[in-house]
Every structure is written in C-alpha cells, then in structure tokens.
Amino acid sequence: MSHSDVEKASAHDHEQVVIGDHLVLEKVKDINAVKGAKEVKAVNNAAFAAAVKQSNLSPWSKDSLFLFWCMFVAFLWIICIGTAIIASSNHRNQFIAGRFILGFGVSILTTSAPSYCVEICPPQWRGRMTGFYNCGWFGGSIPAAGITLGCAKINSDLSWRLPLIFQAAPSLVVILAVWFLPESPRWLMAAGRDEDARAFLVRFHGSGNPNDPVVELEWVEFKEGISLDGADKRWWDYSELFNTSSARWRSLQVLLMGVFGQFSGNGLGYFNTEIYRAVGYDDDMVFNLNLVNSFTSAIGAGFGVALADKMPRRKVLVWGTFVCAFMLAGNGGLSARWAHLPEDAKNLNVGRGAVAFFFFFNIIYSFAYTPLQALYPVECLQTTTRAKGMAMYAVVVGAISFINLYAGPIALENIKYNYIFIFVGWDIVESILWYFLAVETVGRTLEELEDIFSARNPVAASKQRRTVAVRDDGGVVLVDQ
C-alpha cells in the first residue's frame, strides 16, 4: 500500500487502511455495500481529487507564522469534520463527500509536516527523524487493521462506523500539541528573525553551546543560502522550481520520488484482499493477513529509519527497487501457477508462497521507500521553494494514486496476475533511472546541497565527500577530498 499519499501521523492513515479492509466486510448496508475493488476505487478517489486540488493552495500556508499555525490547525479540524460526515453516512454520496473533505485537509498537512521535520533536525539526525515521521503511517495502519478486525464481529452498522470514528483521535492529539512546537530556524531567518533562528540552533543543535561547531557551520550556511526576498514571499511564483539548472535537478528528484514512490507495485496494496483471495484465502484469513502485513512492513520501515543517516540514498533506491522487482516476480509467478492448477488439485503451498513473496515485497519496499518518501524530496528542495516543491510532489502523488486506483481494478479484472508483471518490468526501469539520475544527499547539510546541485554533473558531484575541520579557535572549515 502507498505510504506517502496521506498524512502519516493523522487520521487519514487510519482511515485508508479501514477502507482497504472494508473490502472484506459484508455488513455494510446503508452505503450501497462499500466493498470490492470497484467501490474502493470510487470512495478513495474522492479524497485524492480533493488532495490534488488543495495542493495548489499549500504554499501560502508557509508565508507567515500566524497563517501557518492557523491553517495547520484548521485543516486538522477539517479532517475531524470529514470523519464525522463519513462515519455518520447513510448514503454512498455522503460517504464520498466525507472522503473528499478528508482529502482536502490532508494535502496541506503532507506538504507542511515533512518540510517542518527536515528543517528543524540537526544534520546528523535528519535522516532518522524525518524518516521516522513517515513511518507514522504504521502508527495508523496497524491500529486501524486491528480495530477493523475486532469490529468485524459486531452485528450492526457499528462494525464499520466505529473504525471510522476512531480515526479522528490522532488529529485531536495533533491539534493540542501543535501549539507547543518551535518554528523552523530556516523560516525564522527567511522572515528576518535572525536572533530567534540562532537561539534555536544553539538550544536544539548545539546543546546550549553557542560555539558548537555544528551551530557555527549551519549559521554560516544559513547566511549564504537563505534569501529574504525569495519566491516563498510570492505565493504565485513557482519559477524558482525550474529557472536554473540547480532548480531543475532538485525538481527532478522530487518528481522521480513522487512517481516511483507510488508506482513501484505498492499500489497493489489497495487491492491486497483481492490478491489474497486469488490464491485461496477466505475472508477471515484475509483480515489476519492484512494485520500481519502491517506489522512486517513496519519492521522493514523501522530498519530503514534506523540506518537512514548511514546508508547512501542512491544504493538504497537502486538496489531496493531491483529487489522489489524480484519479489513481485516471485509473487506473480506463483500466482500464475496457482491460477493454472485444476480446482481439485490446488496446492496450498503455492498460494502460501505467493503471499510470502508479496509480504517480502512490502518489507523491502518499506525499508527502501517509506523513510525516503518524506525525507528525500524535502532535503532536495531549497528553503525558499520547499513548500511549493512539496505541493508539486503532492500533485504528482495524487495523480499516480489516481492511476493506481482506476487502472488497478480494471487490470486485475482483465489480466489478473499478469498485472503484477507490469510492475516487475517497471521496477527494473526505475532501478536504472535511479542509478543515472539520483543525487546522493546523505551526510550533507541542506545548504551544502546547493553546491552539489549547482555542479555541472550533480550525480557525480554528490558522490564526492567533504570533511569538516574545526580550528583551535572554534572556526569551521570545509575540506574537499
């Protein structure tokens, strides 16, 4: 299942898994039986349509501190309102309207939250902290799968209404906590509040030491790289995403992650219940497999987060995507074998093997992509274009999710297991493109990356290492190697 098309620590994670699990519930009566791939396509896309539309509004949520916090809280309230509408639905149209409202609020959150994380993190923690944010997906998906499994035995509409109601809880937590968060030091400097920006660095990056080498290095780079009159002050100006070679390379990384992060086979997760049924599992077992899959995927993502500040991004994306292709090939091959076996000679081991490959695919995908889906785009973007770049990322994610949701059920119905082999070939293409186009960002400060992207060949420049030397007087010097 996709891991970046929704707010990871908010209600939408929870709700999307609930919708996926509803494919196996047979007790929904008042919303025209919301189940099956065709229905999932319809109700999910209400949210994605709203998310894509709202992405165009996202940049102005970062133009002032007051507006940023007000919009952040307001859109969380929108999620709560959408939850109320969808949980009280007595008709399919109301259900879809609730989904639309939820999607409208999610886009601003998925634009702001990862940008905020990457801007406040010290360089040595950026990968783990921002990657861990994206793993909040599992903080919603695992409870959602468990709650849905528990509610499935309720013989009333509460079997599907309760899981939808519970999804509002994370939003309420964020609404209360957001007021206690400090503002990004990069935003403070871009707004002309230099003293506040340095105070943040000293407190959170230098452990209270104003002469800490990390603080000194970041402060110099802030001064050189942050503009007081950049495009972020003009909500309508997207030119800085494409007007220089550096900007185009940065935007390319965002677009690559937006497409590949959603179209590497993880879109099959929207219809995993159909995949499980195709290899012989009944409805009860499908519920259990959904829950176990969430746990195993979370373990893979956890290892990816733990190593995010050590593993080269390029190698993870190239080899991780290639291994994903291998796992999908195993799943597709065994699914084909199962489909060609006579009904009276089905070998359960074949079906189990197919599911095992699908589980391993999700583990590898979660290891390689889940931490980087939030981390890689925001660290590739400049401070003055980060909000607009993430808005562009949200549009791409929404567009690819739209394709997954509309093409998926049609493909599964017409070509069945052969649909999996499309992603096998495409993942191999992705691996090749990552090899030639991915820029290495691990171990660099956000401002240092400007030198990388401004180089004649950013990919080659990103492979070169630099050393930070600290002088006796506390000064910091960058040493090329």
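Predicted model: local features only at pLDDT ≥ 70, side-chain atom pairs only at ≥ 80, totals over all residues.
**Entry 1: the whole chain**

I began with the chain as a whole and found that its secondary structure comes to 21 helices and two strands. I then looked up burial, and of the 481 residues in the chain, 57% are buried. For contacts with a separation of 6 or more, I noted that 76% are between residues 24 or more positions apart.

**Entry 2: helix 16 and helix 17**

Before turning to pairs of helices, I reminded myself that two packed helices are described by the angle between their axes and the distance between the axes. For helix 16, which covers residues 348–368, and helix 17, which covers residues 370–380, the axes come within 4 Å and cross at roughly 25°. Angles under 35 degrees count as roughly parallel, and helix 16 and helix 17 are therefore roughly parallel to each other. On the side of helix 16 the contact is made by Tyr365, Ser366, Phe367 and Ala368, and on the side of helix 17 by Thr370, Pro371, Leu372 and Gln373.

I stayed with helix 17 and asked how many of its residues are buried. Helix 17 is mostly covered, with eleven of its eleven residues buried. The buried residues of helix 17 include Ala374, Leu375 and Tyr376, and also Glu379 and Cys380.

I next looked up Asn347, which is found in the loop between helix 15 (313–340) and helix 16.

**Entry 3: helix 12 and helix 19**

Helix 12 (residues 245–260) and helix 19 (residues 418–437) pack at an angle of about 160°, and their axes are 12 Å apart. Since angles over 145 degrees count as roughly antiparallel, this makes helix 12 roughly antiparallel to helix 19. I recorded the crossing of helix 12 past helix 19 as left-handed. From helix 12, the residues that make the contact are Trp249, Leu252, Gln253, Leu256, Met257 and Phe260, and from helix 19 they are Trp426, Glu430, Leu433, Trp434 and Leu437. By class, the residues of this contact between helix 12 and helix 19 divide into nine nonpolar, one polar and one charged.

**Entry 4: helix 6 and helix 7**

I then took up helix 6 (residues 136–151) and helix 7 (residues 158–166), whose axes come within 8 Å and cross at roughly 155°. That angle makes helix 6 roughly antiparallel to helix 7. Which hand does the crossing of helix 6 and helix 7 have, left or right? The crossing of helix 6 and helix 7 is right-handed. In this pair, Ile147, Thr148 and Cys151 of helix 6 meet Leu158, Ser159, Leu162, Pro163 and Phe166 of helix 7. The contact of helix 6 with helix 7 has six nonpolar, two polar and no charged residues.

**Entry 5: the buried face of helix 5**

In helix 5, which covers residues 126–134, I found Arg126, Gly127, Thr130, Gly131, Tyr133 and Asn134 buried. Looking down the axis of helix 5, I saw that its buried residues fall within an arc of 150°, so they line one face of the helix.

**Entry 6: three further residues**

Asp284 is found in helix 14, residues 283–306, and at 58% relative accessibility Asp284 counts as exposed. The C-alpha atoms of Asp284 and Ala152 are separated by 9.5 Å, although these residues are 132 residues apart along the chain.

I looked up Ser207 in the loop between helix 10 (194–205) and helix 11 (213–225). Ser207 has a relative accessibility of 71%, and it therefore counts as exposed. The phi of Ser207 is near 50°, which is a positive value in a residue other than glycine. Lys416 lies in the loop between helix 18 (386–414) and helix 19, and for Lys416 I likewise noted a positive phi near 50° in a residue other than glycine.

Note on methods: Residues numbered from 1 in each chain as written. Heavy atoms only, no water. Axes fitted to C-alpha atoms, helices over the stretch in contact; angles between N-to-C directions. Parallel < 35°, antiparallel > 145°, perpendicular 65-115°, else oblique. Contact = heavy atoms within 4.5 Å. Buried < 20%, exposed > 50% of the residue type's maximum accessible area, 1.4 Å probe, protein only. Arc of directions from axis to C-beta. Left-handed = near helix turned anticlockwise from the far one by under 90°. Nonpolar A, V, L, I, M, F, W, Y, C, P; charged D, E, K, R; others polar.
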